[in-house]
Amino acid sequence: MVVYVYDKTFDGLLTAVFDAFARKSFPDLLLAEGEALPLFCDEVVTICTDDAKVERVWKGLQKKLSATALHCLTVCWLSELPDIDLLLFRYIKKAFNSQSSIELNFGDPDVLEVSKVWRKVSHEKHRMIEFIRFQKAEDGTFFGAMEPLYNVLPLVVGHFKDRFADQKWLIYDLKRAYGCYYDLQEVREVRFDSKEEHLLSGILNDKLMAEDEKLFQNLWKAYFKAIAIKERINPKLHKQHMPVRFWKYLTEKQG
Amino acid sequence: MAVSAATCSLEKHPERRKILIFVRYTDRPFISVSIYMDESVIDKLKILAESAKYDVSCSSSGTTRSNQKGGIGNAAGWGICHSFAEDGRCISLLKIMLTNHCIYDCAYCINRRSNDLKRATFSVTELVNLTIEFYRRNYIEGLFLSSGVVRNPDYTMERLVRVAKDLRLVHRFNGYIHLKSIPGASRELVNEAGLYADRLSVNIEIPNEKSLQLLAPEKDFQSVFKPMSYIQQGVLESAEERKKYRYAPRFAPAGQSTQMIVGATAETDKDILQLSSALYQRPSMKRVYYSGYIPVNTYDNRLPVLKQAPLVRENRLYQADWLLRFYQFKVDEIVNDAYPDLDLEVDPKLSWALRNPQAFPVDINRADYEMLLRVPGIGVKSAKLILVSRRYGRLGASQLKKMGIVMKKAQYFITCNELPVRTINELSPLSVRSLLSRKPGRKADDRQQVIQFEE
């Protein structure tokens with residue numbers, strides 16, 4: 001068994017692809033630095049991420065795959081699934097070995113699997129765009145928090161930057177403990193050393209809320225109740241469209 | 001205008017809580033205007049949302065527009081649902097009425113003149129602020145504004161247009177606006193509405209003119225189809241203009257939609273679907289919605305007594321609608337004189353396949369796109385997947401299953417690389433039907449039975 005040890009970054013993965021083709025030996029397992037090795041392995045290779053190699057692999061891929069397929073690979077990386085690196089490695093290897101582009105060959109299990117993971121992550125991205133709820137803080141910043149299954153925050157920032165260009169906002173990923181802050185000019189990634197209450201619960205404290213925030217929350221809750229047609233109540237469909245895991249952070253589902 | 005309205009109410013009610021909102025005028029940026037919003041708005045919101053909820057449409061698709069400098073909002077072409085009500089319907093837009101006062105007395109409508117219910121009216125400023133503040137909190141994609149008819153259609157329409165105009169010009173709102181075109185409104189007002197709204201709609205409600213006259217004596221088809229054709233002309237003219245001048249204004253870029261009530265009158269599914277099919281022939285018509293009749297005015301004996309809304313029939317109509325729009329079916333293939341109503345037990349596509357066994361089995365590795373679409377268990381996505389993947393090699397049953405084709409249904413209608421032959425032609429349509437229709441163990445909903453109308 002051939003084991004590659006790398007730094008668990010996307011660049012690291014691309015370097016691993018470069019080294020594998022250079023050494024003509026391909027890994028059966030990709031491990032993070034410090035992870036326990038399997039009992040029997042023939043060869044352990046440690047990968048040092050190298051920008052020049054990354055650049056060459058990416059350029060090579062651009063010749064083999066369309067821009068859409070390349071974007072698809074980065075989106076899949078954000079899924080952070082345990083075996084996603086090995087899947088992407090196999091996909092990239094197949095892409096290089098094939099004469100023509102493999103991206104539409106959905107009869108191939110790896111290509112199909114990549115497209116499925118892409119669909120899952122895109123779905124979660126869409127859910128974040130739908131279900132994030134902003135609460136207006138005293139200083140005029142709009143604060144919204146969520147726990148997305150996959151690391152989709154980088155994918156939604158563009159949408160919110162365009163849409164809410166004239167308001168300051170902070171979108172916070174509670175699970176991964178980082179957020180994106182927009183200050184009317186540009187979006188910055190932010191991390192906080194000391195966690196205040198709302199960075200753990202996702203809900204602004206009454207003291208931090210803007211004066212009119214409670215009123216609009218109540219208006220929205222009242223609207224949400226009024227718009228449902230009693231004769232057609234359908235809890236199963238309701239939960240299917242709006243899974244229970246989101247309810248904690250949805251204004252209309254609180255209290 | 002907004003300023004004066006606000007100062008008036010300031011003088012009248014100094015005790016109300018003050019909310020500062022910065023309003024941007026197009027020519028004079030950043031004038032601060034103070035506007036009052038308080039608990040009384042909650043009551044109005046409840047009343048007017050209750051009145052608006054029977055309108056089905058809530059889609060925010062059809063327009064792609066990015067934000068402009070200094071403005072708020074954008075529109076995503078695919079539409080975004082922000083929440084789902086407890087009945088499972090999507091909440092994308094703030095669906096609300098400007099007022100639920102109405103001069104008409106239509107039998108099927110909750111807001112009819114003779115109903116004794118709480119009435120309320122929003123002021124233009126209140127509604128505009130509500131929309132903007134909800135939008136800023138990512139609650140909604142925009143506004144879907146409708147109204148009861150007060151005084152006359154033009155007076156009402158003019159006030160609807162004013163809300164849209166304020167949102168677009170004063171607040172530079174780039175989100176989605178869907179305006180209801182009031183039946184009987186004049187051409188000028190419809191044309192103005194088209195400049196600010198993304199989508200306009202006029203509801204047909206009753207698919208047959210005779211039944212409409214019976215239930216809504218003050219309305220006729222003319223008052224519905226006239227505004228429809230105004231909208232269509234507006235859309236076509238603007239498209240023509242934009243070919244010549246790139247920045248010519250867009251007119252209702254997301255087209256128009258309409259709605260029909262199902263089950264309130266004796267029309268068959270054939271009548272309904274033929275009308276929708278004719279409507280889809282018109283270039284600007286994007287969606288026809290079907291709304292299962294909910295007995296809101298039980299005392300009116302012109303309407304049938306139902307135990308429950310005909311939800312299954314409504315669902316089958318939507319499925320048939322999809323076949324018309326995305327599956328290249330013709331309306332006569334779905335319903336015709338021999339089969340005037342849709343099958344409540346199986347979906348319309350399966351029903352067509354069972355009636356036409358001679359078209360099957362379809363060879364997955366050879367058939368063209370149109371034929372793939374007709375196989376029960378294969379949707380638009382799967383048909384496209386098959387189309388691109390079979391270039392790389394012949395596809396087998398296990399691959400199809402992994403791709404997401406519903407083999408439970410499709411197996412009787414296809415041949416592929418290694419699938420055993422036990423198709424509809426060997427089994428007979430009747431036995432395939434019993435294999436695929438509802439399991440006997442599951443209780444059928446007896447409230448969904450067909451209601452007989454006396455001629």
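## Chain A overall

The model is predicted. Along the principal axes, the C-alpha trace of chain A spans about 65 × 45 × 40 Å.

How much of chain A is buried? Of its 255 residues, 32% count as buried. Sequence separation tells another part of the story. Take the contacts in chain A between residues at least 6 apart in sequence: 69% of them join residues at least 24 apart.

## Two domains

The domain assignment of chain A gives domain 1, residues 2-123, and domain 2, residues 132-253. The centres of domain 1 and domain 2 of chain A, taken over C-alpha atoms, are 34 Å apart.

The two domains of chain A do touch. In that contact, 5 residues of domain 1 meet 5 residues of domain 2. The domain 1 side of chain A has 3 nonpolar, 1 polar and 1 charged residues.

## Helix α3 of chain A

Helix α3 of chain A runs over residues 67-77. Which of its residues are buried? They are A:A69, A:C72, A:L73, A:V75 and A:C76.

What do the buried residues of α3(A) pack against? Their partners are α4 (84-97), α5 and α6 of chain A.

## Where chain A meets chain B

The contact between the chains takes 41 residues from chain A and 44 residues from chain B. On chain A, several elements each supply at least two residues of the side that touches chain B. They are α5 (109-131), β5 (142-146), α6 (153-163), α8 (213-227) and α9 (235-241).

Which element gives the largest share of this side of chain A? That is α8(A), with 10 residues. By class, the residues on the side of chain A that touches chain B divide into 24 nonpolar, 8 polar and 9 charged.

Methods: Residues are numbered from 1 along each chain as its sequence is written. Chains are lettered from A and ligands numbered from 1 in the order in which they are written. This is a predicted model: local features need pLDDT of at least 70, side-chain atom pairs count only at pLDDT 80 or more; totals for chains, interfaces and linings use all residues. Two residues are in contact if their C-beta atoms, placed from the backbone, lie within 7 Å. Helices (H or I, at least four residues) and strands (E, at least two) are DSSP runs, numbered from the N terminus. Ala, Val, Leu, Ile, Met, Phe, Trp, Tyr, Cys and Pro count as nonpolar, Asp, Glu, Lys and Arg as charged, and the others, Gly among them, as polar. Domain bounds come from an automatic or database domain assignment. A residue is buried if 20 or more other C-beta atoms lie within 10 Å of its own, exposed if 12 or fewer, and partly exposed in between; C-beta atoms are placed from the backbone.
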